[in-house]
Amino acid sequence: MSQKFSPLRELTLCRLKEFLREPEAVFWVFFFPVLLALALGLAFRQKAPDQIPVAVVEGVDAAKTAASLAASPVLLPRVLAAKEAGEALRTGRVSLLVDLGPPALFRFDETRPDSRIARLEARDALEQAAGRKDALSIASERVTEPGSRYIDFLVPGLLGMNLMGTGIWSLAFAIAMARKNGILKRLNATPMRRSHFLLAQMLARLGFLVLEVVILVGFGWLAFGVAVRGSLLLFSAVCLLGALVFSGLGLLVAARPRTMEGANGLANLVMLPMWLLSGVFFSAERFPAKVQPYIAALPLTALNDALRGVMTQARPLSGIVPQLTVLVVWGLVSFVVALKIFRWR
């Protein structure tokens, strides 16, 4: 039994040592996600909403109008000459242009959410200044629940992105480099099985999984109070499954390319759609309903949804079965196909 698995053991140890001797790889796997979480966590931390800049065209009542708009805590008005105000609106330095006319005119880009908010706030402020009486008095209560912050959404997404990136990049580059340098051809002449080599790449990837997850999640907890609200065991299992799935995809990406450029192009082709669509930095619900089934079928979408389900929503295993099913299918198909089409030369 020891002789049977000795190639797998030695190949795994070799890959682990190779990774540790690459400072750049260590930085990108362990430290870059932490720096990204720190930067975005500080940029989108809980704070008072930023005021929206609004331009009031110079005129007789411009100063009075600007004072009325300033009564809104949301708006930051300033009086500008007509030409300067138009240029500021065109270049995005202001979100709304108020021209008193007559008739009074609001100019804004309706595709910008801040412009639509500014229009509503400006109209409300000017109508109140003109003596409008509210027909209905509505009280407001600000609520901030744990798990609803942007950083709570971000950390699971960064973890999923990191599991994908390290699984695909590290394996694709290592195997492509070994093929280019003729190492794979030499290994093929040994008693090693093809499955031993591919499994060793995946096992070596898992060797750093615990440290990778602990560093990022631990930093999120210490710096921003991001906690795992569900089962730690289930969370660990999801991370393990995600790492295996993307290791399988990394093997598939590296199965055929003969050059580093070819492996790089295929890796980008696989990962770029998931970076954009799978809800790493913003919710995938923003995309049209017609493409939602395709987005849900992506492995990174399934992993991110499962991680957020356990971390922020404390879902049990039964609550993430669809996402786990998607991951299992991707992992099995990727490894089996990679095993079939792998090229040693």
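This is a predicted model: local features need pLDDT of at least 70, side-chain atom pairs count only at pLDDT 80 or more; totals for chains, interfaces and linings use all residues.

Visitor: Let's do strands. How do E1 and E2 run?
Guide: They run parallel. E1 covers residues 52-57, E2 covers residues 75-80, and six bridges join them. Val54 stands opposite Pro77 in E2. From E1 the chain passes through H3 to reach E2, a right-handed β-α-β crossover.

Visitor: Ser68, then. Where is it?
Guide: In helix H3, which spans residues 62-70.

Visitor: Is Ser68 buried or exposed, and why?
Guide: Ser68 counts as buried because its relative accessibility is 15%, and the cut-off for buried is under 20%.

Visitor: What does Ser68 touch?
Guide: Leaving out residues up to four places away in sequence, Ser68 touches Ala125, Leu126 and Ala129.

Visitor: New topic. How many salt bridges are there?
Guide: The count comes to three. Side chains of opposite charge can pair when their charged atoms come close.

Visitor: Which residue pairs with Glu87?
Guide: Arg90 does, with the closest N and O atoms 2.6 Å apart. Both lie in helix H4, residues 82-90. They are three residues apart, about one turn of the helix. Arg90 counts as exposed, at 61% relative accessibility. Glu87 counts as partly exposed, at 34%.

Visitor: And what does Arg123 pair with?
Guide: Glu127, where the closest N and O atoms are 3.1 Å apart. Arg123 and Glu127 are four residues apart in helix H5, so about one helical turn separates them. Arg123 is partly exposed at 47% relative accessibility, and Glu127 is partly exposed at 28%.

Visitor: What about Arg112?
Guide: Arg112 forms a salt bridge with Asp114, and their closest N and O atoms are 2.8 Å apart. Asp114 is partly exposed, with a relative accessible area of 26%.

Visitor: Last one. Which residues form the nonpolar patch on the surface?
Guide: Val329, Val333, Val337 and Ile341. Together they have about 280 Å² of accessible area. Val337 sits in helix H14, residues 321-341. At 32% relative accessibility, Val337 counts as partly exposed.

Methods:
Residues are numbered from 1 along each chain as its sequence is written. Side-chain values use heavy atoms; hydrogens and water are left out. Helices (H or I, at least four residues) and strands (E, at least two) are DSSP runs, numbered from the N terminus. Buried means under 20% relative accessible area, exposed over 50%, partly exposed in between (1.4 Å probe, protein chains only). Contact means heavy atoms within 4.5 Å. Two strands pair if DSSP finds at least two bridges between them. A crossover is right-handed if, with the strands pointing away from the viewer, the path from the first strand over the helix to the second runs clockwise. Patches are made of residues with over 30% relative accessible area and no salt bridge: like charges are joined within 9 Å, nonpolar side chains (Val, Leu, Ile, Met, Phe, Trp, Tyr) within 5 Å. Accessible areas come from the Shrake-Rupley method with a 1.4 Å probe; for residues, only the protein chains shown count as cover. A salt bridge is a side-chain nitrogen of Lys or Arg within 4 Å of a carboxyl oxygen of Asp or Glu.
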